[in-house]
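The exercises below are to be worked with the sequence and the coordinates at hand. Each has a task and a stepwise solution.

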Amino acid sequence: MIAVNPTDSASLLAAFGALGVLAVIFAESALLVVGFFLPGDTLLFPAGVLCAATADRAPRLELWQVLVCAAVGAVAGGQVGYLIGRHGGRPLLSRSSRPRVRAGVVRAEQLLARYGYGKALVIGRFVPMVRSVLHPAAGALGVPLRTFTVWQTVGGLLWSQSFVLAGYALGSSVSHIDNYLLPLVAVIVVVSLLPLLLEARRRH
């Protein structure tokens, strides 16, 4: 029996490949609390790296499969998250005792109010912690279904495909890049958190 750590990108990709990408991205986009503990950016980028072939190794994953699974997980997850928020409403969002969840809800609401529905749904996909609460928050706040569907699809596709293709491009151009996945993941985490850190600094 294979032991799989759902928060570890390498473990998920080794065990499930492209289907692991689909499941994790769906859960991160749809399931409010669970999504906080799942890799998003840090799964898509390594998956793209593992799709690349170099002179010294063959690809470990099929690029088209990873792209399709990432897109389906992101878009379907966003829609399910919206429906959960629409039917569960604000009580669902405020019930959690976890500070990170509450902070994410506040940030998601601020994004929607500040940038409008379209821009917020696209930008929010690229912001950790906001990504997992943005769709339920949009449903709870009554964002029109058609508007939500269009813009969350745009955001989901831009986010998922860009990270996979960035990993693929790097993996194709640098030999033995998969030996440095952990440092790369750390860099991705830091870069992904920069918008939150800059916003916190601006407020203070």
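**Exercise 1. The surroundings of R125**

Which side chain does the side chain of R125 join in a polar contact of 2.6 Å? The model is a predicted one.

Solution. 

Step 1. R125 sits in the loop between helix 5 and helix 6.

Step 2. The side chain of Q152 is the partner in the 2.6 Å polar contact with R125.

Step 3. A polar atom of the R125 side chain also lies 2.7 Å from the backbone oxygen of A74.

Step 4. R125 is buried, yet has no salt bridge. The nearest side chain of opposite charge belongs to E28, at 6.6 Å. A salt bridge requires the nitrogen and the carboxyl oxygen to be within 4 Å.

**Exercise 2. The salt bridge**

How many salt bridges does a search of the whole structure find?

Solution. 

Step 1. Side chains of opposite charge can pair when their charged atoms come close.

Step 2. The search of the whole structure gives one salt bridge. R131 and E28 form a salt bridge through their side chains, with 3.2 Å from N to O.

Step 3. R131 belongs to helix 6 and E28 to helix 2 (residues 18-30), so the pair ties together parts that are 103 residues apart in sequence.

Step 4. Burial is assigned under 20% relative accessible area. R131 has a relative accessibility of 3% and therefore counts as buried. E28, at 4%, counts as buried as well.

**Exercise 3. Aromatic pairs**

How many aromatic pairs does the ring-centre rule give? Classify each by the angle between the planes and state where the partners lie.

Solution. 

Step 1. The count comes to two aromatic pairs.

Step 2. In the pair of Y82 and F148, the ring centres are 4.4 Å apart and the planes meet at 25°, so the pair is stacked. The cut-off for stacking is under 30 degrees.

Step 3. Y82 is in helix 4 (residues 63-94) and F148 in helix 7; the two are 66 residues apart, and the pair links distant parts of the chain. Y82 and F148 are both buried.

Step 4. The pair of F126 and F163 has a centre-to-centre distance of 6.4 Å and 35° between the planes, and is tilted. F126 comes from the loop between helix 5 (99-124) and helix 6 (131-140), and F163 from helix 7, 37 residues apart.

Step 5. F126 has 31% relative accessibility and so counts as partly exposed, whereas F163 is buried because its relative accessible area is 17%.

**Exercise 4. A nonpolar surface patch**

Which residues make the nonpolar surface patch of about 400 Å²?

Solution. 

Step 1. The patch consists of F126, V150, W151, V154 and L158.

Step 2. L158 is part of helix 7 (residues 145-173). Its relative accessibility is 46%, so L158 counts as partly exposed. Residues in a patch need over 30%.

**Exercise 5. Fold and covered helices**

Solution. 

Step 1. The chain has eight helices and zero strands. It has 204 residues, of which 47% count as buried.

Step 2. In helix 3 (residues 41-51), eleven of the eleven residues are buried, so this helix is largely enclosed by the rest of the structure. Among them are D41, F45, P46 and C51.

Step 3. Helix 6 is mostly covered, with nine of its ten residues buried. These include R131, H135, P136 and G139. Just after helix 6, G142 has a positive phi of about 80°.

Step 4. I25, located in helix 2, is buried because its relative accessible area is 0%. The C-alpha atoms of I25 and D41 are 9.2 Å apart, and the residues are 16 apart in sequence.

Step 5. V106, located in helix 5, is partly exposed because its relative accessible area is 43%. Its C-alpha atom is separated by 8.9 Å from that of V130, 24 residues away along the chain.

How values were computed
Residues are numbered from 1 along each chain as its sequence is written. This is a predicted model: local features need pLDDT of at least 70, side-chain atom pairs count only at pLDDT 80 or more; totals for chains, interfaces and linings use all residues. Side-chain values use heavy atoms; hydrogens and water are left out. Patches are made of residues with over 30% relative accessible area and no salt bridge: like charges are joined within 9 Å, nonpolar side chains (Val, Leu, Ile, Met, Phe, Trp, Tyr) within 5 Å. Accessible areas come from the Shrake-Rupley method with a 1.4 Å probe; for residues, only the protein chains shown count as cover. Helices (H or I, at least four residues) and strands (E, at least two) are DSSP runs, numbered from the N terminus. Buried means under 20% relative accessible area, exposed over 50%, partly exposed in between (1.4 Å probe, protein chains only). Rings of Phe, Tyr and Trp (its six-membered ring) pair if their centres lie within 6.5 Å; planes under 30 degrees apart count as stacked, over 60 as edge-to-face and the rest as tilted. Lys and Arg count as positive and Asp and Glu as negative; His and the chain ends are not counted. A polar contact is a pair of N or O atoms within 3.5 Å; within protein, one must be able to donate a hydrogen and the other to accept it, and residues adjacent in sequence count only if both atoms are side-chain atoms.
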